[in-house]
Amino acid sequence: MMSTATTRSTPLTSAAHAALMFPALRSAQIARIASRGVIRPITRAEVLIEGGQTDVPFFVVTSGEIEVIRPSGLGDLLVAVVHANQFTGDVSMLLGRPAQMRLRVSESGEVVQLTRDQMHVLIQTDAEIGAVLMKALIYRRIELVAQGIGDVLLIGSAHSAATLRIKAFLTRNDHPYKYLDLDRDADVRDLLDRFRVKPAELPVLISRGEAVLKNPGNQEIADYLGFNGRIDRVHQRDVVIVGAGPAGLAAAVYAASEGLDALVLEASSPGGQAGSSSRIENYLGFPTGISGQELAGRAYAQAQKFGAEVMIAKSAAELICDGRPYGVRLDDGATIPARTVIVATGARYRKPSLANLGKFEGVGVYYNATFMEEAQLADGDDVIVVGGANSAGQAAIFLAQTGRRVHVLVRADSLSESMSRYLLRRIEETPTIHIRTRTEIVALEGNGHLERVQWRDGTGAVSSHDIKHVFLMTGAEANTGWLNGCVALDEKGFVKTGSDLTKGDLAAAQWPLERSPGLLETSRPGVFAVGDVRCGNIKRVASAVGEGSIAIAFVHQVLHE
Ligand SMILES: Cc1cc2nc3c(=O)[nH]c(=O)nc-3n(C[C@H](O)[C@H](O)[C@H](O)COP(=O)(O)OP(=O)(O)OC[C@H]3O[C@@H](n4cnc5c(N)ncnc54)[C@H](O)[C@@H]3O)c2cc1C
C-alpha cells in the first residue's frame, strides 16, 4: 500500500514518474529484505547518510519518514521524501560511488538497514525485489539527470570545447549536474567571485558546494566523483574487457551473470560510438528506436547489477603478453593481471579537423549512408560524400538513386585506385554524381542542423554551398595501438581472429596450442577480439553485442583448459 502521509512538493516525489521512482513494497517483500539486514529505530533530525559518504547503506522505511536533500554551499534542496514502505537509494549505490544526497530523518520511526553489499546480493538473488529496485533506481537517475539535480554544478561558456567535453562526459556517465551558462546567466559572475575563480580558469566544476575543479580532465572528474573508488586493481581477474562500447558491455553482462570475475576498462564513457547515436532504430527489440545514450545507460546498469566492475576514464595503455596471466597496463601505470582478455576497443572514424563537427553529427553529418540516414534527406537536396574509396563510391551511388546531386569530395587527385571497377563504372554512368578532386571541406555552418558548407578546391578558392547533408566515408581506424604487437593485425590495423588467422600469423605469434584459435580468438590464446576492432566486423550495434556475448562462452572454455 502507498503511504498515506502528506506529500510535500519536491522535484522527485512530485514528478510524473513518482510512482515508478518510489514504489511501495508489500509487507512480504519487506520481511524478505529484513531477513538479510537489521531493523533499527530512526530519530527525527538524525542524518543517516551525508553527501559524499562512501559505503552507503540502503534503507526501507517501515515507519516514519526520511528526507532526501541535495546539500550545497549555495543552499540545500529537498529533493524527495521517502515514506513508509518505500526505500532509499540511487544508481550511485549500485556503482559503489559516493552518495550524492544527504538523508535526514524528518519523522521518527523504524527502518530495515542493509549494507551496500547486502543490497547488491539482494538484487542479484531475489528476482522479484531486484526488478522493483532496479527499475526505481534507474528511473530516479533518469529524473535526476533530466532535472539537473546532482552534487555537481558546471559553469562555463557554451562556446567552449572544454565545456562541451565535460557536459558530454557527465551526461554519458549518467551523472546528474546543473549547468550555468557564463554567457547567459547573470548571477554567474557573483558565483565565480565567491569561489575565487578567474575567467581564464573556466570551465569549473563545483561539487557539493565546496570543491572547485578548474577545467578538469575527464580522469580528474572521474576520480573526484568517485567513479572508480571501490575497484581493486591488484587481484587477478577471470577476464579483463577493454572498451565499454556495445561489444564490451555485452561481454561484461554475460561474464558477470555467469559468475566470472570481470573488470571493464573504458577510456572515456560507456557506450562507445553507439553512445553518440541520437537514435538507433535497427536494434532488435526497440521498434521505435532508442538513443545510444539510453541503451548504453541500461547496459551499464545491467553489467553492474550482475557484479561486473567498470573503470571509467581509464585507458589500457599496453597489453603485456609475455607470460600468463596476461597484464593490462593502465595509463596511470597500474597493471591488472588477467587470465583472459577481451579486446573491445572499437574504432574511431577518421574525422576532418573541423572545430564544430561534433555539433552536426547526426544532424547533417553522418558516418553511414543507409536507408536510415537517407530518410533524413528531403527530395532534391544536394548532398556531399567525402572520401575516395569503396565506401564513398557505394554511398554516392546509393544517394544518387533518387536523382539528387551528389558531390564526391576527394582530397587526392583522383578517386582511390582501390575503388572497385564496377563502382567506378557506375559513378561514370551517373550524371548526377560530381567528383571534385583536390577538394576538402573547410567549414560547417548552421543553427542546430547543418545548413551550409564551405569547401576549398584545387585552386585554393573557398566557396560556400547551401548543402545540409555530409556523409563522411573516410574510413575507420581501429583502436589497437595499445596491443603492443601481442596479436596479429590485418593490413589496416584491425585484429585478426579465428579462421582469418593464417598459418603464417600463427607461426609468427608462436601459437603454443595444438588446437587452432577459436571463433573470435586472436593469435594469442585466451585473448579475444569483438565488435568494430575485429577485422571483418560489420559495424553494427547488434553484431558488436552478439560478438561480446559469444566471446564469454569461449572464455569459459579457455579458463578450463
Ligand atoms: C554516429 C554513429 C551512429 C551509429 N548508428 C548506428 C545505428 O543506428 N545502428 C547500428 O547498428 N550501428 C550504428 N553505429 C555503429 C555502431 O555504433 C558500432 O558498430 C558499435 O558501437 C561498435 O561497438 P564496439 O563496442 O565494437 O566499439 P565502440 O562502440 O567503438 O566502443 C569501443 C570503446 O572502447 C573504448 N576504448 C578505445 N580504446 C581504449 C583503450 N585503449 N582503453 C580503454 N578503452 C578504450 C572507447 O572509448 C569506446 O567506448 C553508429 C556509429 C556511429 C559513430
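This is a predicted model: local features need pLDDT of at least 70, side-chain atom pairs count only at pLDDT 80 or more; totals for chains, interfaces and linings use all residues.
1. Ligand shell. The ligand is surrounded by 34 residues, and the closest are Glu266, Gln273, Ala316, Asp532 and Val541. By class, the shell holds 16 nonpolar residues, 13 polar ones and five charged ones.

2. Polar backbone atoms at the ligand. A backbone N or O atom of Val541 is 2.9 Å from an oxygen atom of the ligand. For Ala274, a polar backbone atom lies 3.3 Å from a ligand oxygen. For Ala347, the distance from a polar backbone atom to an oxygen of the ligand is 3.4 Å. Val541 is also among the closest residues of the shell.

3. Cover of the ligand. On its own the ligand exposes 990 Å², and the protein buries 90% of that area. Two or more residues of the shell come from each of α9 (246–257), β16 (347–349) and α16 (541–559).

4. Helix α4. Which residues of α4 are buried? In this helix, which spans residues 116–125, they are Arg116, Met119, His120, Leu122 and Ile123. These residues lie on the same side of α4, because the arc they cover around the axis is only 160°. The elements that cover them include α2 (27–34), β3 (58–70) and α3 (91–94), and also β5 (102–114), α5 (127–147) and α10 (292–305). Note that the buried set includes an arginine, Arg116.

5. Asp238. This residue belongs to strand β10, residues 237–242. Is Asp238 buried or exposed? Its relative accessible area is 15%, under the 20% limit, so Asp238 counts as buried. A second polar contact, of 3.2 Å, links the side chain of Asp238 to that of Arg339. With neighbours within four places in sequence left aside, the residues in contact with Asp238 are Gly259, Leu260, Asp261, Arg339, Thr340 and Leu559.

6. Pro11. Pro11 sits in the segment before α1 (18–21). Its relative accessibility is 22%, so Pro11 is classed as partly exposed. Which residues does Pro11 touch, not counting those up to four places away in sequence? They are Leu77, Leu78, Val79, Gln147 and Ile149. Between Pro11 and Leu77 there are 66 residues of sequence separation and 9.2 Å from C-alpha to C-alpha.

7. Cis peptide bonds. Most peptide bonds are trans. The bond from Leu202 to Pro203 is cis, with omega near -5°. Pro203 is placed in the loop between α7 (188–194) and β8 (204–207). The bond joining Arg324 and Pro325 is also cis, and its omega is about 0°. Pro325 lies in the loop between β13 (316–320) and β14 (326–330).

8. Positive phi. Most residues other than glycine have a negative phi. Leu520 has a positive phi, near 70°. Leu520 is in the loop between α15 (503–508) and β26 (527–529), and with 5% relative accessibility Leu520 is buried. Lys539 has a positive phi as well, near 55°. The place of Lys539 is the loop between β26 and α16. At 40% relative accessibility, Lys539 is partly exposed.

9. Ile538. This residue lies in the loop between β26 and α16. Is Ile538 buried or exposed? With a relative accessible area of 60%, over the 50% limit, Ile538 counts as exposed. Ile538 and Glu318 are 220 residues apart along the chain, and their C-alpha atoms are separated by 26 Å.

Terms used. Residues are numbered from 1 along each chain as its sequence is written. Side-chain values use heavy atoms; hydrogens and water are left out. Buried means under 20% relative accessible area, exposed over 50%, partly exposed in between (1.4 Å probe, protein chains only). Helices (H or I, at least four residues) and strands (E, at least two) are DSSP runs, numbered from the N terminus. The arc is that of the directions from the helix axis to the C-beta atoms. Contact means heavy atoms within 4.5 Å. A residue is near a molecule or strand if one of its heavy atoms lies within 4 Å of it. A polar contact is a pair of N or O atoms within 3.5 Å; within protein, one must be able to donate a hydrogen and the other to accept it, and residues adjacent in sequence count only if both atoms are side-chain atoms. Accessible areas come from the Shrake-Rupley method with a 1.4 Å probe; for residues, only the protein chains shown count as cover. Ala, Val, Leu, Ile, Met, Phe, Trp, Tyr, Cys and Pro count as nonpolar, Asp, Glu, Lys and Arg as charged, and the others, Gly among them, as polar.
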